[in-house]
Structure formats: structure tokens, C-alpha cells
Amino acid sequence: LASWVVVEQAKGFLRERLDLTVADAFTLLRAYTRRSGTHLSEVARQLGIRRCDRASGARSSTSSGSSRR
């Protein structure tokens, strides 16, 4: 169940960032996993980590920029 949730989040991330349908996002994920030989849940987990890293980096630069006067 946990891996399913991660895969759904990855599909949503790809849908939003690449302006894809959910079905196309899943097709892209599946094609990548087949080419790379990586499990779908692992690829989805890596996307989630990268998404969180980018979000925390954006917050850090926003918060540090807003504190300067």
C-alpha cells in the first residue's frame, strides 16, 4: 500500500510538472523503469525525494530573502 501511494504521488508530480495526463505520466514512469531496470516504487520514491529537496530549497531561499531589509 505504501509503495502505491508513492507511485500515485509521482504520477501527480509528473502530471503537474510536465503537463501530462495521469495515464501518460504512468506510461512515462513505466517506460523509464523498464529501460533502467529499476522498480517502479524506487523510481517514484526518488522523484519524491527530489521534489522535497527542491521544495525545501525554494523555501530556504524565499525565507532568507524575506528576512533581509
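Author: Contact means heavy atoms within 4.5 Å. Take Leu29. Leaving aside its neighbours within four places in sequence, Leu29 is in contact with Val7, Ala10, Lys11, Leu14, Leu40, Val43 and Leu47. This is a predicted model, so local features need pLDDT of at least 70, side-chain atom pairs count only at pLDDT 80 or more, and totals for chains, interfaces and linings use all residues. Residues are numbered from 1 along each chain as its sequence is written, and side-chain values use heavy atoms, with hydrogens and water left out.

Reader: How many helices and strands are there in the chain?

Author: Three helices and zero strands. A helix is a DSSP run of H or I with at least four residues, a strand a run of E with at least two, and both are numbered from the N terminus. Read along the sequence, the pattern is α-α-α.

Reader: Why does Lys11 count as buried?

Author: Its relative accessibility is 11%. Buried means under 20% relative accessible area, exposed over 50%, and partly exposed in between (1.4 Å probe, protein chains only). At 11%, Lys11 therefore counts as buried. Lys11 is found in helix α1, residues 2-18. Beyond four places in sequence, Lys11 is in contact with Val22, Ala25, Phe26 and Leu29.

Reader: What makes a polar contact between the side chains of Lys11 and Glu8?

Author: The distance is 2.9 Å. A polar contact is a pair of N or O atoms within 3.5 Å; within protein, one must be able to donate a hydrogen and the other to accept it, and residues adjacent in sequence count only if both atoms are side-chain atoms. The 2.9 Å pair of Lys11 and Glu8 therefore counts.

Reader: Why is Gly12 called partly exposed?

Author: Gly12 has 28% relative accessibility, so it counts as partly exposed. Like Lys11, Gly12 lies in helix α1. Gly12 and Ala25 are 13 residues apart in sequence. Their C-alpha atoms are 7.7 Å apart in space.

Reader: Which residues form the largest nonpolar core?

Author: Nine residues do: Val7, Ala10, Phe13, Leu14, Ala25, Leu29, Val43, Ala44 and Leu47. A nonpolar core is a set of buried Ala, Val, Leu, Ile, Met, Phe, Trp, Tyr and Cys residues joined through side-chain atoms within 4.5 Å. The elements that give two or more residues to this core are α1, α2 (22-36) and α3 (40-66). Helix α1 gives the most, with four residues. In soluble globular proteins, nonpolar side chains tend to be buried together.

Reader: How do you know that Thr33 is buried?

Author: Its relative accessible area is 9%, so Thr33 is buried. Thr33 sits in helix α2. With neighbours within four places in sequence left aside, Thr33 is in contact with Thr38, His39, Leu40 and Val43.

Reader: Is Asp19 buried or exposed, and why?

Author: Exposed, because its relative accessible area is 71%. Asp19 has its place in the loop between α1 and α2.

Reader: What is noted about phi of Asp19?

Author: Phi is near 55°. That is a positive value in a residue other than glycine.

Reader: What share of the chain counts as buried?

Author: Of the 69 residues of the chain, 16% count as buried. Lys11 and Thr33 are buried residues.

Reader: Which share of contacts joins residues at least 24 apart?

Author: Start with contacts in the chain between residues at least 6 apart in sequence. Among those, 38% join residues at least 24 apart.
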